[in-house]
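Subject: Structure for your review

Dear colleague,

Please find below the structure that I am handing over to you. My notes on what was found in it follow.

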Amino acid sequence: MPIDLSVIIPVYNAGQSIKHLVGTISKDLSQLNIEIILVNDGSKDKSDQLCKELVKEHNNLKYICLRKNFGEFNAVICGLNSAEGQYSVLVDDDFQNPPSEIITLYSAAVAGDYDVVYSYYENKKHSLLRNLGSNIINYINTFLLKKPRDLYLSSFKIIKKEVVKEIVKFKNPFTYIDGIIFQITDNVGKVKVEHQIRENGESNYTFTKLFSLLLTILFGYSLIPLRLTLFVGLFSIIASLLYMALYFLKIVPEWGSPVVIFLGGLTLSALAIIGEYMGKTFMILSGKPQFIIKEKMQSQSVNK
């Protein structure tokens, strides 16, 4: 029987919630033929042991343990590579997205024949840092990815099988799922869902992760920084020529030191931007993997 829905859960230090989450998903989605794919992204707690127990307790579960922490997006890509459902839904392990809302996403995707449906929240229960980070990322993506201004790029989303097949073709180790999606399709919908306060543990969202994601988006999915560097360089040349002409005509005094410092700063910034692109290109060409699988397990009845 074809699988209606693949539920992909990147797991990181989710020992307090993962069993309850899987049990609730199985119960709330009992009317659909589903598979649940758990991807353990280098957890340091008892998540590995609990996920292995879940494989034995459920008849619709796949478990993949990564050799180290590769990051949430890479873990999601790993899960998508194993997904066989007509749709794949991405769910965090923190219970802030009620499993019952998966049906809301699924119904919207089927009814609208969308390639991707994003969730959005009337009242977000994230921390101040995460809300700030989300707003910054959302603003940047409006220009870089050409997404609709009113579309919130939530991590809780559903993707059609045909688009999943295209996503997994991307082998860039600096993965950004939304950046890939908008290179593939613009047939995107949205639906309002409930958002809950995190039940257990602390958020893994940090300023370092926000900054890393910003760099990935800027230098992995856009040429705008390079084009801005060209613009600034041309502006600096014109400004320098204009200053020399005005100085020669004795209209302005000598500003040698400030101008040199300013132009030197622009030069270093331009080199840093070019270096960021070259560094990422080098890592890709050197074969840096998206993820490395340490172990795979699945329920005996999966796909039978």
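In these notes, rings of Phe, Tyr and Trp (its six-membered ring) pair if their centres lie within 6.5 Å; planes under 30 degrees apart count as stacked, over 60 as edge-to-face and the rest as tilted. A search of the whole structure finds six such aromatic pairs.

This is a predicted model, in which local features need pLDDT of at least 70 and side-chain atom pairs count only at pLDDT 80 or more, while totals for chains, interfaces and linings use all residues. Residues are numbered from 1 along each chain as its sequence is written, and side-chain values use heavy atoms, with hydrogens and water left out.

Aromatic pairs

One of the pairs is edge-to-face and joins Tyr 176 and Tyr 221, at 6.0 Å centre to centre and 70° between the planes. Tyr 176 lies in the loop between α6 (161-167) and α7 (177-184) and Tyr 221 in the loop between α8 (207-220) and α9 (224-248), so the pair ties together parts that are 45 residues apart in sequence. Helices (H or I, at least four residues) and strands (E, at least two) are DSSP runs, numbered from the N terminus. Tyr 176 and Tyr 221 are buried, a term that means under 20% relative accessible area, with exposed over 50% and partly exposed in between (1.4 Å probe, protein chains only). Together with Phe 73, Tyr 176 and Tyr 221 form one aromatic cluster.

Phe 219 and Tyr 277 have ring centres 5.2 Å apart and planes at 90°, so this pair is edge-to-face. Phe 219 lies in helix α8 and Tyr 277 in helix α10 (residues 256-285), so the pair ties together parts that are 58 residues apart in sequence. Both Phe 219 and Tyr 277 are buried.

Helix α1

In helix α1 (residues 18-28), the residues Ile 18, Leu 21, Val 22, Thr 24 and Ile 25 are buried. They lie on the same side of α1, because they cover an arc of only 165° around the axis, taken from the directions from the helix axis to the C-beta atoms. The buried residues of α1 pack against β1 (5-11), β2 (34-40), α2 (47-57), β3 (61-66) and α4 (101-112), where contact means heavy atoms within 4.5 Å.

The chain as a whole

The chain has 10 helices and eight strands. Of its 304 residues, 46% count as buried. Its C-alpha trace spans about 85 × 40 × 35 Å along the principal axes.

Yours sincerely
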